[in-house]
Amino acid sequence: MTGLAQTTDETMLVESARSFIDQAAPVSHLRGLRDAGKTYDPDLWAQMVAMGWAGVLIPENAGGSDMGFTAACLLSQEMGKTLASSPFISTAVIAATVFRHAARDKSQKALKEIASGHRIYAMAIDERGKFAPEQVRTYAKSTDKGYELSGSKVFVVDGGFANRLLILARTDEGLTLFDIAADATGVEISPNSMIDSRNAANITLDQVALKSDAIVGSAGKAMKVLAPALHAGQAAVAAEATGLAIAAFDMTIAYLKERTQFGVKIGSFQALQHRAAHLWCEIEATRSALMNAGRVLDQSPQDAGLAVSLAKARAMQTARLAVSEGVQMHGGIGMTDEFDMGFYMKRARVLAEWLGDYGYHAEKIAQARGL
Amino acid sequence: MIGIEEPEAFRFAVRAWIAENCPAEMRDGDHSPAHICWGGRNWVFESQAQQLWLERASAVGLTVPTWPREYGGAGLDRTREKIYREELERANARLPLQSFGIWMLGPALLRFGTPEQKRAYLPPIAQGKMRWCQGYSEPGAGSDLASVQTKCDDQGDHWRVNGQKIWTSYADKADAIFALVRTDKHAPKHKGISFLLVDMASDGVSTKPIRLISGSSPFCETFFDDVQVPKDRVVGEVNGGWDVAKYLLTHEREMISGGGTGVSGGRALGAVLADAYPDGLADQTLRNRAVETEIDALAISLTLDRYKDQSSAGQGVGHASAMLKYLGTELNKSRHEFIMSAYGSNALEWGAGFAEPWLRSKANSIEGGTSEVMLSIIARRVLDLR
Ligand SMILES: Cc1cc2nc3c(=O)[nH]c(=O)nc-3n(C[C@H](O)[C@H](O)[C@H](O)COP(=O)(O)OP(=O)(O)OC[C@H]3O[C@@H](n4cnc5c(N)ncnc54)[C@H](O)[C@@H]3O)c2cc1C
């Protein structure tokens, strides 16, 4: 059993990821995309694919690097530090885990094409302002040829450029997951103008005709393939938020040592020192919850619910604290677009809602702990 | 870790040992202060079972599981120690012995003591034959501990001690005190302190109890009036006591912080709600508070695990004790605030079992260094803010 300390291999992975991201996707990269009116850089994703990141959770026989969930979280955490923009979580973490849990004959092709970068997936679950997979109303009516899918989805992360969509819908059997082409007839995708300058879309489905082999797993049994994928995705989102919090914190500490007021560095004011120290403690505790989630996903995935919800809940609170303290302790400059902190704040807000907010996960924890 | 359990031969061996050796009366899960076995020269066992449990546990080193065998310990590593503690809890067993000697002085002696000091003082701590108290704080030296003024003069063949300590927990029950004393009043304040062991039965030592808000009087003022102490009672270098003092504090802080998580040990908050509201909960804000407390408790307990794993893997953990003390004690206060609210007016009477621990918990973020001091340590040492 691997404990909660990072292994030497993991440290090497983190270091190589860090040096790649610092060169290929610093915050200025996201800023550049935004200023150019774009939400996605295919070249950056191609480089990540080449490094095996798209296949981080895919078996070697399907072309993946099969590094496991802890590794996926560590990568996500490093991306979070500079807000590197890619479909890593929706495709390499969520979709890959979905297909890994589906029957092999049908999923092998999808896994291969994810690992090779040919398929980019977006997961379409939400229909209202909150994550609530059990309440999905998008309906897939059964027809002689298969199904006919109608409904609407919101906040489909990476939905504006994905070439494949995983749609959670209701059939007469119950919740069912469909794998469809993004350009299928009857699918209309309208990209949102998101606060975090990343991609998300609203999607309407108007009598989209599907064969029954579009079902991933089996009809009425979406959760069998989806639950593990959601756990993986939630852990990866928690990891990104933790990386984001760490970076926002580091920027803030650097500023406390640099800015002078009243003739002294502002970092000499105890009021700020204590708030900074408190934030550091919160980050330490959140890192532990995150590491635990990765380990449990790798070693005992059937028991991952509590560990994952704990990581997600903690990471959302910690990231929120890190960015709000980050802006406050920078004073006026913290509010400017020219300074990066705002990007962190906006991304943290989006991550807070993706795959379940604090309240959603707190409720899961409450149930798991008998409250 | 949470979510992974690994069966181990050691676990089963310990489980069997506990089943065989821990008397039934000691398996009532009662960790309340009134039933702690503190040991010491004048200790009166509350029952034969309490005595038997202490004797059996100390015979195999399990009163101080991580100490080396030669000094009365069981030589367990951190992982096994944790398993031992989990098994004690699983069996609802009380700890066979608790003391300041175990938590504080022992670790400091293991690190700084001479071989003679270790042989003289560690086994009696492990066996519960000697009870120690901590003489750090003085009326003028609290958070600013290094400004202690208790005088310790070199009289050639002995030391002579004069001065006053305050907030000395259990000074009136202890056999001996480990005290910070000033051996050089001209040196900078951190450089003139020594760490001195003084027998409480010495002439010139006296104590006066102070009453706490919880009604009990566990701590005292301690006075030293021309007390003579043998020369070999200084631990570490003369005037080098600050290093010993700080090292001991990291152990004290870890010990105090552990009380907060309640994941192991304290009452599960779910059980509190079920007990207080058998017919269901009317007030959802109470449940929300419980969940928030629980989330933090789990994250802190995982941080304890992570630091243990990191130190087993030879990775440094920096100023972990300050962080754990800060988060752990603030959390423990929240837990007790929650428990008080959960039981409402049923918790308001003395003796009902709620108010005393609630009031006692308020000391957690003061004793062993206040929360503010912990944050200052982190700001300075970890974040390099000055
Ligand atoms: C139940 C209990 C048991 C104890 N047992 C023992 C014992 O056995 N032996 C022993 O030696 N001592 C013991 N103590 C004493 C304890 O260590 C001290 O109370 C503690 O170190 C604080 O010192 P003080 O009480 O003088 O408070 P002060 O230092 O006067 O602090 C008062 C307030 O000022 C704040 N403050 C002080 N300095 C700073 C600063 N630099 N920056 C920001 N805020 C600051 C503190 O955080 C606190 O809020 C015990 C205390 C309690 C409550």
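**Close-up views of a predicted two-chain model with its ligand**

**View 1. Domain 1 of chain A faces domain 3 of chain A, with C-alpha centres 21 Å apart.** The contact draws 23 residues from domain 1 of chain A and 33 residues from domain 3 of chain A. About 2400 Å² is buried between these two domains. Carbon and sulfur atoms give 68% of that area. The model shown here and in every other view is predicted.

**View 2. Chain A is assigned three stretches as domains: 8-119, 122-222 and 223-368.** Domain 1 of chain A covers residues 8-119. Domain 2 of chain A covers 122-222.

**View 3. Chain B is divided into domain 1 (7-103), domain 2 (132-239) and domain 3 (243-382).** The C-alpha centres of domain 1 of chain B and domain 2 of chain B are separated by 30 Å. Their contact involves 6 residues of domain 1 of chain B and 8 residues of domain 2 of chain B. The buried area between the two is about 610 Å². Here carbon and sulfur atoms give 56%. On the side of domain 1 of chain B, the residues that lose the most area to domain 2 of chain B are B:Trp38, B:Arg41 and B:Phe100. Together they make up 79% of what that side buries.

**View 4. The ligand sits among 18 surrounding residues.** The closest are B:Ser137, B:Ser143, B:Trp167, B:Thr370 and B:Glu372. Residues from chains A and B surround the ligand, so the two chains share the site. By type, the shell has 6 nonpolar, 9 polar and 3 charged residues.

**View 5. Within chain B, domain 2 (132-239) and domain 3 (243-382) each supply at least three residues of the ligand shell.** Strand S3 of chain B, residues 158-169, gives the largest share of the shell. That share is 3 residues.

View 6. A backbone N or O atom of B:Gln134 is 2.8 Å from a ligand nitrogen atom. At B:Ser137, a polar backbone atom lies 2.7 Å from an oxygen atom of the ligand. B:Glu372 uses its side chain instead: one of its polar atoms is 2.7 Å from a ligand oxygen atom. The ligand taken alone exposes 970 Å². The protein buries 68% of that area.

Key. Residues numbered from 1 in each chain as written. Chains lettered and ligands numbered in written order. Predicted model: local features only at pLDDT ≥ 70, side-chain atom pairs only at ≥ 80, totals over all residues. Heavy atoms only, no water. Near = heavy atom within 4 Å. Polar contact = N/O pair within 3.5 Å; in protein donor to acceptor, adjacent residues only side chain to side chain. Areas by Shrake-Rupley, 256 points an atom, 1.4 Å probe, with all protein chains shown as cover. Helix = DSSP H or I, 4+ residues; strand = E, 2+ residues; numbered from the N terminus. Nonpolar A, V, L, I, M, F, W, Y, C, P; charged D, E, K, R; others polar. Domains from an automatic or database assignment. Contact = heavy atoms within 4.5 Å. Buried area = accessible area lost by both parts, 1.4 Å probe.
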